Amino acid sequence: MRSSMRAIAAASAAVVAGLTACNSPTRHPTTVNVTSGTVVQNVTVIDTRTGAATTGQALVIDQGKIQQVLPSAAVNASGNARVIDASGKFVVPGYLDMHTHALPAAVFMKAPQWPMLIAFGVTGIREMAGAPPLIGAAKGLNAARATGQVDAPEVLQVPGPPIVGAATAASGAAAVMATKAVGGSFVKLVGAGPEALPAILQAAKAQGLDVAGHLSPGGTALDMAKGGMKAMEHLGGIWSIALDCADDQANIRAALVAGKGAKMPTPFPPTYPVSPIRFSAGDAPYVQQAIDTYNPKTCDSVTKALAQSETWQVPTMIRLRTMTHSDAPQFMQDPNLKYVDPTTKALWTKLANEFTQLEPASTPATFRKSYASFEKALALWHKNGGASKTLTGSDLGGIWVIPGVSLHQEFAELSKAGFTPLEVLQATTLNGARFLKREASMGTVEAGKNADLVLLDANPTQAVGNLSKIAGVVNAGKYFSKSDLDAMKEKVAATVAATPLRDASAVIDTTHKH
């Protein structure tokens with residue numbers, strides 16, 4: 001009997017061993033011969049949905065797509081196939097900067113935005129500067145990118161002309177139709193009166209357009225979310241979610257709707273890069289009033305309701321920090337300014353110095369303190385379940401916001417608010433695909449997806465800083481090694497160093513006038 005039992009056990013073990021061998025990720029029933037394109041061998045694939053890591057994988061890339069993902073042992077590369085040994089590396093989708101003003105500078109001012117963005121792993125941008133010339137430029141850039149004529153991130157969206165100052169329902173609806181007429185991807189809202197706000201949301205819905213942008217004093221964050229606002233940029237802007245958290249918000253809103261506070265500059269924005277603050281001394285008393293009457297219980301309730309809505313947040317925390325601390329040495333003396341045009345840097349310095357001189361003397365301090373309001377709102381948004389509807393954005397174009405560099409600073413700001421490394425990774429990859437309804441082509445490293453990838457030296461789910469340990473980038477199917485990326489940055493720095501200081505008008509963006 002014992003002999004029979006041992007025989008059965010041995011047979012069972014053999015069957016299990018055979019099944020295990022067949023299902024092992026290091027084996028494959030057939031060998032795939034690859035003679036063209038690029039093969040990234042021996043890489044660890046990070047699943048952006050779960051954070052799971054699958055080692056020993058090969059990515060077969062051709063015609064701008066990931067053709068196959070399979071065990072490295074199953075791939076035989078020969079002929080014209082380029083082989084990249086990625087042993088010890090981790091691969092994730094390319095990073096998305098979901099709030100930039102990159103097109104005006106890159107297309108019309110020839111600023112080196114594209115090499116800087118690619119060098120820091122950014123393969124897709126959501127452009128927030130809206131004007132017909134920019135919509136046309138985005139289409140041309142994407143076409144050139146697809147055919148390999150230019151190395152640049154994909155422009156994922158471009159809005160129509162921003163809605164600024166619409167006061168009536170009719171003017172709000174007309175502004176939406178203007179976006180529809182020029183082919184904008186969505187309606188960008190900067191500011192509107194209480195009568196215009198619901199009309200904008202209703203007209204956009206009727207036209208099949210999303211609304212994204214700033215909050216206005218005449219409409220609460222919850223009102224806008226209930227009305228169907230798709231995304232709040234900068235947590236809403238100066239009159240942000242934090243205003244919903246103030247006990248005195250009704251009085252503050254009434255004063256602002258009545259015309260008190262700062263006036264919106266015309267034309268908007270007044271300069272490129274935009275000023276160190278989107279508000280001025282006239283707003284300071286109301287900002288201070290909101291700070292003084294902050295109610296944490298109210299804020300917890302508001303952010304919980306927002307997290308349960310369909311509205312997304314694009315916090316751009318690094319932009320809010322540079323905006324409210326524009327005279328801080330950490331920005332004015334950042335060594336990465338070697339990548340910034342000297343005229344732009346001079347303009348930023350001028351604006352930062354003006355920030356310290358705002359009157360009354362308490363004004364700069366008020367604006368500095370206001371950053372804590374944004375931090376509290378973001379932390380509560382995260383605590384209440386908002387991570388899955390958060391997008392990373394740098395607001396490239398703002399003061400001290402350096403192409404590529406600042407998106408990685410944004411990663412750190414999200415981490416401070418409680419986001420886990422995986423949640424930060426998702427915010428710059430998977431969430432963008434979901435927001436854009438493009439999960440079929442981006443957001444994960446899988447066969448059939450776009451070949452926009454970042455290779456990393458360390459596991460990005462273990463520490464947020466690992467997202468910055470870039471070992472290589474694949475943009476539209478083209479591979480850039482670490483040395484390639486370093487050379488791109490060095491070339492930008494050399495070009496900047498050789499560029500003469502010009503008149504400030506050389507970096508003023510007037511495209512918003514068209």
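Which residue forms a salt bridge with Lys-416? The partner is Glu-413, and the closest N and O atoms are 3.3 Å apart. A salt bridge here is a side-chain nitrogen of Lys or Arg within 4 Å of a carboxyl oxygen of Asp or Glu. This is a predicted model, where local features need pLDDT of at least 70 and side-chain atom pairs count only at pLDDT 80 or more, while totals for chains, interfaces and linings use all residues. Residues are numbered from 1 along each chain as its sequence is written, and side-chain values use heavy atoms, with hydrogens and water left out.

Lys-416 and Glu-413 sit 3 residues apart in helix α16 (residues 405-416), so about one helical turn separates them. Helices are DSSP runs of H or I with at least four residues, strands are runs of E with at least two, and both are numbered from the N terminus. Lys-416 is exposed at 59% relative accessible area. Glu-413 is buried at 7%. Buried means under 20%, exposed over 50%, and partly exposed in between (1.4 Å probe, protein chains only).

The whole structure holds 20 salt bridges. In one of them, Arg-438 meets Glu-154 at 3.0 Å, N to O. Arg-438 lies in the loop between α18 (430-435) and β16 (453-456), and Glu-154 in strand β10 (residues 154-157), so the pair ties together parts 284 residues apart in sequence. Glu-154 is buried, at 16% relative accessibility.

Asp-300 and Lys-383 also pair, at 2.9 Å, N to O. Asp-300 is in helix α11 (residues 296-307) and Lys-383 in helix α15 (residues 362-383), so this bridge joins parts 83 residues apart in sequence.
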